[in-house]
Amino acid sequence: MADVDIVISGGGAIGTAMALVCERLQYRWLLLDQPAKQHSIGRLGFDLRTLALSPQSITWLDELHERKKFPRQRVDRMHIWEQLGTSTIDFCREEVGSDSLAWIAEHSRVLKALQKNCEAHVRNIKTAGITKIADAQQSLTLTNGETVSCKLLIIAEGANSPTRELARTRWVAQSLGQRALVTVIETERTHNSTAWQRFGSGIVAFLPLTSPRTHAVVWSVSNPMFEELESLDDDEFKERIALASDRICGAVLEVDQRLSFPLNHGLAHTFLPQSWIFILGDAAHTIHPLAGQGMNLGIEDVRGLESVLRASASTKFISPTQLHTLAQRRRAKAIIMQQLMSLFDSTWRWKNPLSHWLRNFGVRTFSRAPVLKRQIIREAMGFGPMTKVN
Ligand SMILES: Cc1cc2nc3c(=O)[nH]c(=O)nc-3n(C[C@H](O)[C@H](O)[C@H](O)COP(=O)(O)OP(=O)(O)OC[C@H]3O[C@@H](n4cnc5c(N)ncnc54)[C@H](O)[C@@H]3O)c2cc1C
């Protein structure tokens, strides 16, 4: 039976980052992955799936990536508005005294950079899953028949994690009745390092990519509207997306292949089902992508675990009490984020005139409250008290 300090199951960005943390802190670790098919780079040269990462997440990832960094585009400004609305919300980096509001990176390039950093430790990586968890012995049976014992099992298998079920953890999923349609477009005008987001027929976001007229699109729409958009050919789709963005960057000249994801809010009943099993990343929580916070939340989970592991790095005794406190704190944060996303999403769907007036009034008041605005954006950037990980 192999014996290691930490087993990480799931080699997505969160699991791989966790493995690099274990390596940095000199734990004996094993990363298990059953890789799913990766999304390909589209014909415009970008991954169709992109991530808005907070400055805090980027700084932390860069520290972890001693050898290989991934390309990214800086966001200097954000402009948020509503179809038929009279008010807008604008943020700019100067307002918060930062050199960026966020960074846009391609999902597969972030993952590849993390994996590249793991390459030197290939002996610690196995293509296998877990078929059985023996609690008393703290041991795991793998799909290849091997048995491994460990002091800590970290589950980072994404939203459909089978090991979370083996650990008998209830997963409460609430379908949002929406899908996120993602693609990459080229527009007539340059993005000017601005992220644009319009609330109207769904929530459409244009995120700036490293080429000046190219944007990643995340368009969250109701299921019926998704079906209608799916049936459009590329020229019709270009026109629809130009309309949905009020032609903020002019005409849409090119559109890449479209991918889509069902939107759910999912939450594990506990993030610490046993004193030696911790669940993080999308295996612990999934949220609406409207504020681009899912991966950032997962990175905060890893940073929280990093600080617990650092405290016990010399003895390799991983304190169950500290794990318990962390699990509770991370779950509370995930609940707050889910509730905030639901609030934004539902508020922007109010249709009657009074609600519409109220919303515009609220947005105008918010825009004129610089202290509140600054605090909210600092929180989204990963610098507020809610983002504290230890
Ligand atoms: C449309 C959309 C837009 C988004 N935009 C943003 C954004 O702008 N900013 C942001 O911060 N977040 C965003 N997110 C969220 C972000 O993509 C996720 O939070 C993040 O990718 C989760 O990473 P993960 O490693 O936890 O899970 P995953 O990426 O799902 O990785 C799980 C890994 O575990 C492996 N695995 C699965 N089962 C097993 C098993 N049994 N054994 C071993 N391995 C297994 C899988 O193959 C995979 O490699 C978005 C999500 C969506 C859907």
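Interior packing

A: The buried residues of α2 pack against β4 (50-53), β5 (72-75), β8 (102-106) and α7 (294-311). This is a predicted model, in which local features need pLDDT of at least 70 and side-chain atom pairs count only at pLDDT 80 or more, while totals for chains, interfaces and linings use all residues. Residues are numbered from 1 along each chain as its sequence is written. Helices (H or I, at least four residues) and strands (E, at least two) are DSSP runs numbered from the N terminus. Contact requires C-beta atoms, placed from the backbone, within 7 Å. In α2 (residues 55-64), the buried residues are Pro55, Gln56, Ser57, Ile58, Trp60 and Leu61; buried means 20 or more other C-beta atoms within 10 Å of the residue's own, exposed 12 or fewer, and partly exposed in between.

Beyond its neighbours within four places in sequence, Ile154 contacts Ile6, Ile8, Met18, Phe278 and Leu280.

Five strands form an open, parallel sheet in the order β9-β3-β2-β13-β20, where pairing takes at least two DSSP bridges. The edge strands β9 (125-127) and β20 (277-279) each have a single partner, so one side of each lacks a neighbour in the sheet. Strand β3 (residues 29-33) pairs with β9 in the parallel sense over 3 bridges, and Asp33 is opposite Thr127 in β9.

Notes: Contact = placed C-beta atoms within 7 Å.
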